[in-house]
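Try each task before you read its solution.

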Number of protein chains: 2
Amino acid sequence: MKNKDGVPGLRERKKQATRAALAEAAVRLAAEHGAENVTVEAISSAAGVSARTFFNYFDSHDDAFLMVDPAVGERVRRAVREAPAALPVLDVLREAFAAELADVEERHEIWSLRAKVFQRSPYLLVRGLGAHMAEEQELAAAVAERLGGGPDEPVGLYPRLVAAVATTAIRASIEDWVQRTPDVAFIDVFRDAFEHLGSGLVAPAADSPDA
Amino acid sequence: MKNKDGVPGLRERKKQATRAALAEAAVRLAAEHGAENVTVEAISSAAGVSARTFFNYFDSHDDAFLMVDPAVGERVRRAVREAPAALPVLDVLREAFAAELADVEERHEIWSLRAKVFQRSPYLLVRGLGAHMAEEQELAAAVAERLGGGPDEPVGLYPRLVAAVATTAIRASIEDWVQRTPDVAFIDVFRDAFEHLGSGLVAPAADSPDA
DNA sequence: TAATAAGTTTGCAGGGTCTGCATCTTTGCG
DNA sequence: CGCAAAGATGCAGACCCTGCAAACTTATTA
């Protein structure tokens, strides 16, 4: 939403600020008290808006802790569709997701807080990825399209499986990383996970750090 | 919970009956009206108990539609721990889960209804997965133990990934099957999915039914 | 600049989920 | 029968979430 000059107007900037304020308040409060003990009222109050306004920005209580950016999914799907056909799908996905991880490196403090929130309230990982359910369907469609299916054909098992497994690999990576942070960089865990997927999930050597 | 004769007493039988009545009422109502339009009050009423009692059996509204049997996870974990060490983990998991699928074949009618519920309310698949979150952690621990880690060592990335991916593969299979039912048997879709996992998720031939 | 249109925030009412607690009923067992 | 344990129920209360209408702010047009 930009005005005719292509510049975000005051309106849009205020909206983004409000959203950011709510999301940040949510994470900070949850890091301290646990997500399930932080009410919508408390978040809204900390962000300086009414509780009703909270629901203008997030569909549910839990969504506030997830910072889901719809643009991410959009970019990933475009990458899947536009990548050279010769590349394995799994590689395309890995790189597309890896590119989005820049935010994690840049805003390290807020992501550390989120790691703390997830440690305290593991159910959020699932609820969060649950929120990505629709995303996953669309990703599966993008994969199917890449593999030659027309946009209107039903999505087959393979694209569905790839999309589901890829997002799950991210979740498992996060879980592992959260447990080991701050010793390890997330990007490394992430790449290890995709390595396993591409190798048919054969068991690593017993002395490997993965085991 | 059995009495000293090893026979379930009236008390236990009534409990199981109540639980079954609630679960069945939930699925039947949801198949018709959609899970999100079926209140706890309606389910309880159809099952002949009070709404308060519903929450003595299920932790949440959504749980009633999932029919999660804790014994299933227990058996799968035991299979993982006790299977011959020579077998690939993925194969062990596939067979362990396949063995549990007998119920799907036997009680076909109720599972068809559930397929309908899932078609109408896809978010339940994720909530279901969420309900299995704790299960997944335990499964990961079982995998880790099988691979030689002691019971108290932290679970590494690989076991975590295998457990997460395996349960996700089941979910993706269900989604695919729900879409194609009743043309295909679930067990076949399920085995195809594990086939893909074991092969490193390489893309199938373009004329394959999976694409 | 003034008027109007369009978008946001807010309060309020209301339905629904879920929990803790006290009470009453049923079951298990001597 | 009579007691103790377990389950069922009603109720109060906190919280989540939605629709609606009024108030307010920003954008656009005359």
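**Exercise 1: the DNA-facing surfaces**

Sort the residues of the surface near DNA strand D by class: 4 are nonpolar, 9 polar and 8 charged. Here Ala, Val, Leu, Ile, Met, Phe, Trp, Tyr, Cys and Pro count as nonpolar, Asp, Glu, Lys and Arg as charged, and the others, Gly among them, as polar. A quick note before going on: this is a predicted model, where local features need pLDDT of at least 70, side-chain atom pairs count only at pLDDT 80 or more, and totals for chains, interfaces and linings use all residues. Residues are numbered from 1 along each chain as its sequence is written, while chains are lettered from A and ligands numbered from 1 in the order in which they are written.

Now find which residues come nearest to each DNA strand.

*Solution.* 
- Step 1. Take "near" as a C-beta atom, placed from the backbone, within 6 Å of the strand.
- Step 2. Around DNA strand D there are 21 residues, and Gly9(A), Ser60(A), His61(A), Ser50(B) and Thr53(B) come nearest.
- Step 3. Around DNA strand C there are 21 residues too, with Ser50(A), Thr53(A), Gly9(B), Ser60(B) and His61(B) nearest.

**Exercise 2: where the chains meet**

Work out which helix of chain A gives the largest share of the side that touches chain B.

*Solution.* 
- Step 1. Count contacts (C-beta atoms, placed from the backbone, within 7 Å): 44 residues of chain A meet 45 of chain B.
- Step 2. Helices are DSSP runs (H or I, at least four residues), numbered from the N terminus; helix 5 (89-100), helix 8 (123-131), helix 10 (157-180) and helix 11 (186-198) of chain A each supply at least two residues.
- Step 3. Helix 10 of chain A gives the largest share, 14 residues.
- Step 4. The chain A side splits into 27 nonpolar, 10 polar and 7 charged residues.
- Step 5. Zoom in on Val165(A): beyond its neighbours within four places in sequence, its contacts are Leu197(A), Val165(B), Thr168(B), Ala169(B) and Leu201(B).

**Exercise 3: a helix pair**

How do helix 5 and helix 11 of chain A run relative to each other?

*Solution.* 
- Step 1. Their axes, lines fitted to C-alpha atoms over the stretch in contact, come within 11 Å and cross at roughly 170°.
- Step 2. Angles over 145 degrees count as roughly antiparallel, so these two helices are roughly antiparallel.

Definitions and conventions:
Contact = placed C-beta atoms within 7 Å. Axes fitted to C-alpha atoms, helices over the stretch in contact; angles between N-to-C directions. Parallel < 35°, antiparallel > 145°, perpendicular 65-115°, else oblique.
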